[in-house]
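Dear colleague,

I am handing over the structure we spoke about, and below it I set out what was found when it was examined. Please read the notes with the coordinates open beside them.

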Amino acid sequence: MMRRIGTVVLAGLLTACAGQPSTQLRGTGDLGIVIERAAGSVQIVEHSHNTTLARVEGLGDLSHASVVFSRDARFAYVFGRDGGLTKIDMLTAKIDKRIIQGGNSIGGAISQDGRLIAVGNYEPGGVKVFDADTLELVADIPATTVADGSRGSRVVGMVDAPGQKFLVSLFDTGEIWIADFSKSNTPKITRFTNIGDQPYDSMLTPDGRYYIAGLFGEDGMALLDLWHPEKGVKRILDGYGRGSEKLPVYKMPHLEGWTVAGDHAFVPAIGRHKVLVMDTNTWQQTGSIDTVGQPVFVMARPDARQIWVNFAFPDNQFVQVIDSETHEILATLEPGPGVLHMEFTPRGEHIWISVRDKGEVQVWDTATLKKLHTLPADNPSGIFFSDRAHRIGL
Amino acid sequence: MTVTKIASQFFGVIMMSLLPLSLSVAAPLSTERQATLEHLLIQDCGSCHGLRMTGGLGPALTPQLLADKSRESLIATVMYGRPGTAMPPWDALLNEQEAAWMIDRLLQGVTP
């Protein structure tokens with residue numbers, strides 16, 4: 001009897017929080033966040049029935065916003081361009097906490113144990129770390145000052161790694177840092193310098209072993225083996241564009257997650273209409289795939305059988321699907337102008353695509369390559385599903 | 001000297017003399033083109049400079065920060081990019097009149 005009363009009270013409380021007449025208990029495993037970047041709002045969506053559940057407003061400047069999830073997958077932490085860090089309760093569709101933590105930020109990560117939120121900042125350049133429950137400041141790590149002494153380096157490519165670590169790359173000073181919070185909230189920082197010119201983003205393998213930073217200032221990537229950090233950072237894909245002229249880059253590519261199938265990894269080439277293929281045993285380039293534009297996101301379906309690619313302006317109306325075994329282009333889809341991001345459902349049967357200029361999020365079937373649903377959204381950019389809560393390095 | 005060469009040199013001279021002229025007497029941009037440029041400015045320039053032009057990987061482009069820069073050098077930056085940085089040349093997609101229009105919009109201040 002006590003138990004039933006408890007349940008009723010809990011349900012009543014949830015209803016009260018939501019401010020809606022009836023709120024049923026529900027899980028969060030099929031929830032997600034869609035960023036409406038110009039409006040400064042987000043949609044809470046669910047991918048079991050492809051619907052929008054709620055809109056949360058008042059998140060400030062969401063240019064380039066990204067999201068991580070609490071380990072119970074109830075809360076979404078939204079990193080805004082204006083330094084805003086907003087913790088959203090996805091069940092009640094309310095802002096739980098919100099702070100302005102910096103002047104200009106690029107993204108963040110949640111620690112292995114779920115207790116810390118780290119944010120990479122352009123201004124002031126550096127990393128700030130917060131308590132995930134309270135958003136109180138735990139650590140402030142200024143970046144290396146740039147050569148002319150005017151400011152700290154911009155920080156990019158923030159990921160979490162096993163052992164209560166965060167990794168970042170420093171765009172202006174060409175460094176990779178490991179911030180180790182395993183012993184205390186005063187992190188042990190390991191700095192790798194001269195890793196290459198202008199690292200622009202990075203990714204971590206799903207096992208948390210390899211951190212790879214893409215370089216904008218030169219053709220190549222920087223690889224750090226976290227099982228053997230003492231071996232230092234190694235250059236891979238060195239000089240991949242040799243002999244071909246680089247095109248103007250109208251949008252910076254992103255490295256997100258890890259796009260690997262069998263022994264091959266797929267990464268965007270900078271300033272070229274190509275996806276590069278490398279052998280993950282030797283880290284040597286083994287090939288390249290010609291694409292319709294300059295790749296921005298190169299993402300493997302969760303079963304790694306297909307690679308989905310979107311493109312920089314002025315080719316951002318297209319999405320191409322690549323066979324991960326034969327490296328053939330299976331399809332060139334045209335969701336519409338301004339394709340900014342893609343997110344697979346956790347097991348990969350669908351992909352959600354944000355089509356900014358049509359004001360739509362589209363749901364596509366990855367087997368038939370047909371569009372299934374369309375959800376209206378205000379200039380949508382990033383799409384983030386809650387299964388990210390349980391994945392390393394996002 | 002072949003006819004083609006002469007023709008191309010002649011054409012070059014014509015083009016050279018036409019360029020400044022075409023700028024000064026160019027027809028105003030159509031409303032439709034202005035809307036496209038405004039969209040490009042906020043969404044695509046905004047990818048690096050922020051939708052509110054408060055900066056990102058690219059520097060902030062607010063009217064206050066641009067106030068002491070010459071309009072001509074700003075237009076040149078849009079057209080030819082800034083080597084050594086992530087700023088690309090836009091001359092394949094914009095002409096000088098359009099670049100000038102975008103700089104003027106920035107000097108007025110844009111909001112998404």
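How many residues does the contact take from chain B, and how many from chain A? The contact takes 19 residues from chain B and 21 from chain A, and please keep in mind throughout that this is a predicted model. On the side of chain B that touches chain A, the residues divide into nine nonpolar, eight polar and two charged.

Turning to chain B itself, it contains five helices and zero strands, so that its elements, read from the N terminus on, run α-α-α-α-α. Buried residues make up 26% of the 112 residues in chain B, and, among its contacts between residues at least 6 apart in sequence, 55% join residues at least 24 apart.

The crossing of α4(B) and α5(B) is right-handed. From α4(B) the contact is made by Arg71(B), Leu74(B), Ile75(B), Val78(B) and Met79(B), and from α5(B) by Glu96(B), Ala99(B), Ala100(B), Met102(B) and Ile103(B). These residues of the contact of α4(B) with α5(B) divide into eight nonpolar, no polar and two charged.

As for the nonpolar cores, the largest has 116 residues, of which Tyr77(A), Val78(A) and Ile176(A) touch the most other members. Leaving aside neighbours within four places in sequence, Val78(A) is in contact with Ile33(A), Val42(A), Leu59(A), Ala65(A), Val67(A), Thr86(A) and Ile88(A). A second, separate core of 16 residues includes Leu61(B), Ile75(B), Trp90(B) and Leu106(B), and Ile75(B) is also one of the residues through which α4(B) meets α5(B). In soluble globular proteins, nonpolar side chains tend to be buried together.

Lastly, a residue in a loop: Asp238(A) is found between β19 (233–236) and β20 (260–261) of chain A. The C-alpha atoms of Asp238(A) and Ala312(A), which lie 74 residues apart along the chain, are separated by 23 Å.

With best regards

Methods: Residues are numbered from 1 along each chain as its sequence is written. Chains are lettered from A and ligands numbered from 1 in the order in which they are written. This is a predicted model: local features need pLDDT of at least 70, side-chain atom pairs count only at pLDDT 80 or more; totals for chains, interfaces and linings use all residues. A crossing is left-handed if the near helix is turned anticlockwise from the far one by less than a right angle, and right-handed if clockwise. Helices (H or I, at least four residues) and strands (E, at least two) are DSSP runs, numbered from the N terminus. Two residues are in contact if their C-beta atoms, placed from the backbone, lie within 7 Å. Ala, Val, Leu, Ile, Met, Phe, Trp, Tyr, Cys and Pro count as nonpolar, Asp, Glu, Lys and Arg as charged, and the others, Gly among them, as polar. A nonpolar core is a set of buried Ala, Val, Leu, Ile, Met, Phe, Trp, Tyr and Cys residues joined through C-beta atoms within 7 Å. A residue is buried if 20 or more other C-beta atoms lie within 10 Å of its own, exposed if 12 or fewer, and partly exposed in between; C-beta atoms are placed from the backbone.
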